[in-house]
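Here are a few exercises to work through with the model open beside you. Try each task before you read its solution.

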Amino acid sequence: MMVEKIKIFLDSDILERYLLDSTTEMETLQAERYIAMYPEVRKVYNELQENLQSYAKLYAMQTPDGLKEKILARIRSERTGRSRFFRYAMAASFIAVMFASASYFFWDQNQILQEENTMVSNKIKLLEEDMKQQLEDVRNQFIVLNNPQTKKYTVTGNKKAKELKAVAYINPVKKLSYINVKKLPHLPEDQCYQMWAEVNGEMLNLGIIEQATDGKNLMALPYAKNAVGYITIEPKGGNENPTVENIVANITY
Amino acid sequence: MSTLLEKHIVELLQERNDKAIALLYDNYGDTLLGVAKKVVRSDDLAQDVLQESFIKIWKKADSYDPAKAKLFTWLFRITRNTAIDKLRSVSTKSDKEIQIDVSNVYTIGVDSTRPELMDVQEHLDKIEDKYKIVLDALFFQGMTQQEASEELDIPLGTIKSRLKIGLRELRKIYGPALLALLINLV
């Protein structure tokens with residue numbers, strides 16, 4: 001079956017015409033397939049090629065002088081055209097690479113700036129909130145201090161801290177209270193004053209009173225009816241619960 | 001033609017080294033000029049064809065596939081097609097029909113043959129004319145088999161069989177002696 005196919009193919013003149021490049025596209029594909037697949041077809045094709053060369057050589061003619069140089073000169077001019085093209089191509093790719101790296105550089109810079117921008121705007125937001133909070137505090141302090149309904153209590157220390165002087169401002173209408181600690185007796189290094197408030201039977205830690213405040217800052221006290229404020233002496237860094245025996249001042253408001 | 005030289009030329013072509021063209025010209029120029037002359041039948045036109053063929057060979061170097069054809073077969077196809085195109089453009093210009101002078105198809109002028117090929121000429125004369133006419137018409141005149149059949153007044157089937165036999169008998173007719181001679185010449 002296969003042998004017959006090959007025989008039919010070889011009996012046709014497709015291979016001869018393929019040799020001379022005068023086959024149709026379909027015939028070319030067929031010829032190339034047969035040559036690739038069947039050794040006997042390949043052998044005939046190779047013989048045909050050799051015969052063609054032998055036959056053509058019979059008609060060889062002396063080439064005229066100068067023709068070779070003419071051809072080579074034309075090819076070299078093609079080449080320079082080509083190499084000029086390559087030079088342009090090289091320049092173009094160099095520019096493209098430059099452009100790409102510049103783009104990347106700017107993109108990267110943009111990313112960094114965007115991050116910074118986010119950070120800065122977050123900071124501004126925080127500051128704004130902080131400022132609002134502080135303004136609110138100041139406003140409240142102002143309200144308390146300037147309100148005629150605000151009661152002023154002078155707080156003095158007990159015998160453990162005779163020099164202690166503080167002023168508490170309580171406004172039962174606005175339900176705000178502040179204390180201004182004006183003077184604190186000197187304490188050993190390992191001790192500090194701490195502020196407490198007993199509100200509805202619960203003892204709240206209001207924090208350590210810094211010497212540095214020096215009466216400049218008002219400390220907010222949580223407001224409640226019948227609340228009691230305490231100042232105690234505690235170990236440095238503050239305590240979780242007040243040491244009752246170290247109470248140096250109290251204020252009922 | 002040594003395969004080694006062919007390989008070297010093909011490598012140079014693929015590297016786009018113009019030494020390839022110089023080597024091709026030295027080794028195949030005479031034969032290809034003969035092919036062109038057989039088609040266009042004018043020395044001047046044949047030289048134009050050879051020049052254009054080499055430019056095409058240079059430009060098409062990438063398309064040469066050693067697995068599909070021997071180097072010479074590829075060169076032959078390019079030269080032959082260039083020559084046929086040239087002939088067509090010239091005849092269109094001069095508005096002249098291509099007249100196939102049958103006696104010219106297989107008669108080789110002494111001036112167009114290298115003297116050292118004279119021995120070969122004798123061999124060539126031994127080939128039966130009926131094959132030579134067909135081979136020349138198809139190989140060099142750019143005729144299709146149908147055209148050859150009409151021009152030579154030979155039935156198409158006979159054209160086909162003479163092409164086949166002519167091509168295949170070449171080797172038998174000349175035998176290894178011709179090949180040895182040809183190798184020496186190149």
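**Exercise 1. Find the surroundings of B:Thr82, and decide whether the residue is buried or exposed.**

Step 1: Setting aside neighbours within four places in sequence, B:Thr82 is in contact with B:Val49, B:Glu52, B:Ser53 and B:Lys56; contact means heavy atoms within 4.5 Å.

Step 2: B:Thr82 sits in helix H4 (residues 71-93) of chain B. Helices (H or I, at least four residues) and strands (E, at least two) are DSSP runs, numbered from the N terminus.

Step 3: B:Thr82 is buried because its relative accessibility is 2%; the cut-offs are under 20% relative accessible area for buried, over 50% for exposed and partly exposed in between (1.4 Å probe, protein chains only).

Before going on, a word on the model: it is predicted, local features need pLDDT of at least 70, side-chain atom pairs count only at pLDDT 80 or more, and totals for chains, interfaces and linings use all residues. Residues are numbered from 1 along each chain as its sequence is written, chains are lettered from A and ligands numbered from 1 in the order in which they are written, and side-chain values use heavy atoms, with hydrogens and water left out.

**Exercise 2. Locate B:Ala61 and list what it touches.**

Step 1: Look in the loop between helix H3 (43-59) and H4 of chain B, where B:Ala61 has its place.

Step 2: Not counting residues up to four places away in sequence, B:Ala61 touches B:Leu13, B:Arg16 and B:Trp74.

Step 3: Now compare sequence and space: B:Ala61 and B:Leu12 are 49 residues apart along the chain, and 9.6 Å separates their C-alpha atoms.

Step 4: With 2% relative accessibility, B:Ala61 counts as buried.

**Exercise 3. Describe how H7(B) and H8(B) cross, and which residues make the contact.**

Step 1: Helix H7 (residues 129-139) and helix H8 (residues 145-152), both of chain B, have axes that come within 10 Å and cross at roughly 130°. Axes are lines fitted to C-alpha atoms, for helices over the stretch in contact, and angles run from 0 to 180 degrees between N-to-C directions.

Step 2: H7(B) is therefore oblique to H8(B); angles under 35 degrees count as roughly parallel, over 145 as roughly antiparallel, 65 to 115 as roughly perpendicular and the rest as oblique.

Step 3: From H7(B), B:Ile133, B:Val134, B:Ala137 and B:Leu138 make the contact, and from H8(B), B:Gln145, B:Ala148 and B:Leu152.

**Exercise 4. Summarise the elements of chain A.**

Step 1: Chain A has five helices and eight strands.

Step 2: Read from the N terminus on, they run α-α-α-α-α-β-β-β-β-β-β-β-β.
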